Amino acid sequence: MTERDARIDRLLLGQEIADFLYREAELLDERRYREWLDLLADDIRYWMPMRRNVKFGEDEREFTRADSDINWFDEGKDTLARRVKQIETGIHWAEEPRSRLSHLVANVQVQGAEPSFAAPQQVAVTSRFLIYRNRVQTETDMLVGRREDCLQRNGAGWLLARRKIILDQNVLLTKNLTFFI
Amino acid sequence: MSEPINVRDLVPGSSVVLPDGAVAEIVTNPGDGMWLFARYLTSPRDPTLVGQEEMVFAPDVVALGRPAAD
Amino acid sequence: MSMNGAMNGRRGYRSGLVNLGVGEISREIFVNEDIYAEEQERIFARAWLHVGHESQIPKPGDYFVSSMGEESVILCRDRAGRIHVFLNSCRHRGMKVCRYDEGSTTVFTCPYHGWSYGTDGRLVGVPYFREAYHSRLDKEKWGLVEVAQLSNYKGSIWATWDPAAPTLSEYLGDFTRFLDLQLDGWDGREGQAEVLGGIQKWLVPCNWKFPAENFSGDTYHNISHRSVDLAGIGPSGASRRDMGERDVSRKLHVCIPDRGHQTILYVLPAGRLPPPAYMNAPIVAEYFRHCEEERRRRRGDESRLIGAPGEIFPNTALLSRQPRTMAAWHPRGPHQTECWRWFFVDRDAPSEVKQFLRDYYIRYSGPAGMTEQDDMENWNYAHAASRGTIARRHPYNYDQGRGTAVADYEYQGLRVPGEVIDLTEVQSSEQPMRNFYRRWVEFMEADDWSQLATWRSRTGRSGERKAAE
């Protein structure tokens, strides 16, 4: 394989993964939650830690830990599906009427592919998000941060196997998190 | 005028030189970049200070002295 | 209690805004800027406020930055192991001496001019003390402002700025046993709680009294949570919690008059253990089954008390079972509240139990909590609707169940203190809100604690006390 071939493999995979993330964002913004759930692996772990203001050099204290600490989200597909179910009742008042959402996904970078870029089965990808939410009349929120995702091959497509969401907030500036990030 | 020194991460046991030439050993570093708790090792201006502990303000550290013993 | 003439014509608090005689409260109390400012002086500067838990500051030098009313405070443990709460503000020119959320330190140093304070609050470092101050600054007078009183009750840390306030014990009165439900072990041992790492903090655009009155015991708004019941997030897979123990119990509103504390409470029949719960996880179900037996063995009849939402005046919310959490509703102006949540487990519970509960707590409470989300929506828009010129002319209705509370309630041999309404048949009442706002009025009108500590003058005449409206 030439160096050019390797670069082409990376380029193609990068575009394929970015397309996956864009399509995922569109499903959420179009409120096609059932189809979004179908993009998740059955054993997905969906985690958004809370952040603390910590002293320089004490980075280990900055994020709440998965599995043991309180986080904003730290859950699997069952709970995520129940969130969708709750919205679909039409009487989840925090999301009824439903919000208008735009997920902007940027800075997509494939960090690694196993076993290879040419024939990947698992991909690690990071991206940044800016989520604009507008609801009812003038309520507007913007959430910005980074995602660290693991995708796994599913036939010709991909499933989201792990997502860690790093939100750039300490005190949460929005009254609720009724939407997916 | 000496270059400013960031005292934040100076190691206890190392020593610092003060404006009058006194040398003090760091006992505790609170890590605030502003203060050190230090004990006078030498004090030519006032030898009675030797052995006494004092809070040293960061701008008064004009030079680093001996590093902490291993 | 009527106001003197000087109060009339003021734009802020005035008598008549809260009219418990007919069960009406003006919308004004939620949105008025002057009333809000008066609350900071009359309530938050005088009452006992919840600051944190000792398990957050286990070692000397540990600190946790908290809030008392609007103001940032530092909860810390000094070198000798003593717990303090200080105003997070340099005595010299006010800069915060700590802008980290938590950690461990030997001193708190102000970034502005370098004044430095020990963890006991004493001013220890003053740049150019000899030169610029000519050694004349009395450092003893300029330490960090410390709360007037601090109390560690079974690990929970409470503080007040008012030296004249009664002790926490007296402040809580008969409500203490309901705080016990929050802090004691699931198996009935005293004070076994620890706080899970990570304190949730989030902003809601509403007045602090909306969440405070909700947690006082709003039994009427269950319908608002129907969607989460349908989603079935409960630990046995249905609804939002295990309802078995509630279904077999008497459901009560318990209000401690004179204190302004109140709670929903369930009381099991005599000799009855709670039905099985936490059925999604056999290890957890078995753990709690064992705990309930131990609790009955240790506490006897007292173990029949089943905790539910409650509120300690002014702004500390309790919920001791499913989920187990305390909240503080910090005022951030009349139109905004910063909600903080602490979540509890027994410190020696098995890790599987802690992890299971943690998962449940997260999906139930807080801004990502599928139950609490609907509360915030209601508070947000109820507050917004309270602001209008026309809207403010129309008071809210707090009339439900007025005049039906009884003193000396007893169920199968277990006496419950305070003024109680048995809700089992009537479903709901607003007695807790009336109790809360009666106390609110007292704080807004009282000049000092001689007027606030009204229980001291009730030296048990006949033991009978007419249940208040």
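A: Pro314(C) sits in the loop of chain C that runs between β17 (305-312) and β18 (316-319); helices here are DSSP runs of H or I with at least four residues, strands are runs of E with at least two, and both are numbered from the N terminus. The peptide bond that leads from Phe313(C) into Pro314(C) is cis, and its omega is near 5 degrees. This is a predicted model, in which local features need pLDDT of at least 70 and side-chain atom pairs count only at pLDDT 80 or more, while totals for chains, interfaces and linings use all residues. Residues are numbered from 1 along each chain as its sequence is written, and chains are lettered from A and ligands numbered from 1 in the order in which they are written.

Asp258(C) counts as buried because 21 C-beta neighbours lie inside 10 Å; the cut-offs, with C-beta atoms placed from the backbone, are 20 or more other C-beta atoms within 10 Å for buried, 12 or fewer for exposed, and partly exposed in between. With 12 other C-beta atoms within 10 Å, Gln427(C) is exposed.

Chain C is divided into domain 1 (49-149) and domain 2 (173-457), with bounds from an automatic or database domain assignment. Taken over C-alpha atoms, the centres of these domains of chain C are 33 Å apart. Their contact takes 7 residues from domain 1 and 9 residues from domain 2, where contact means that the C-beta atoms of two residues, placed from the backbone, lie within 7 Å.

Now the neighbouring chains. Of the 2 pairs of chains in contact, A and C share the most contacts. Chain C gives 39 residues to this contact and chain A gives 36 residues. Elements of chain C with two or more residues on that side include β20 (337-346), α9 (351-364) and α10 (372-385). By class, the side of chain C has 17 nonpolar, 11 polar and 11 charged residues; Ala, Val, Leu, Ile, Met, Phe, Trp, Tyr, Cys and Pro count as nonpolar, Asp, Glu, Lys and Arg as charged, and the others, Gly among them, as polar.
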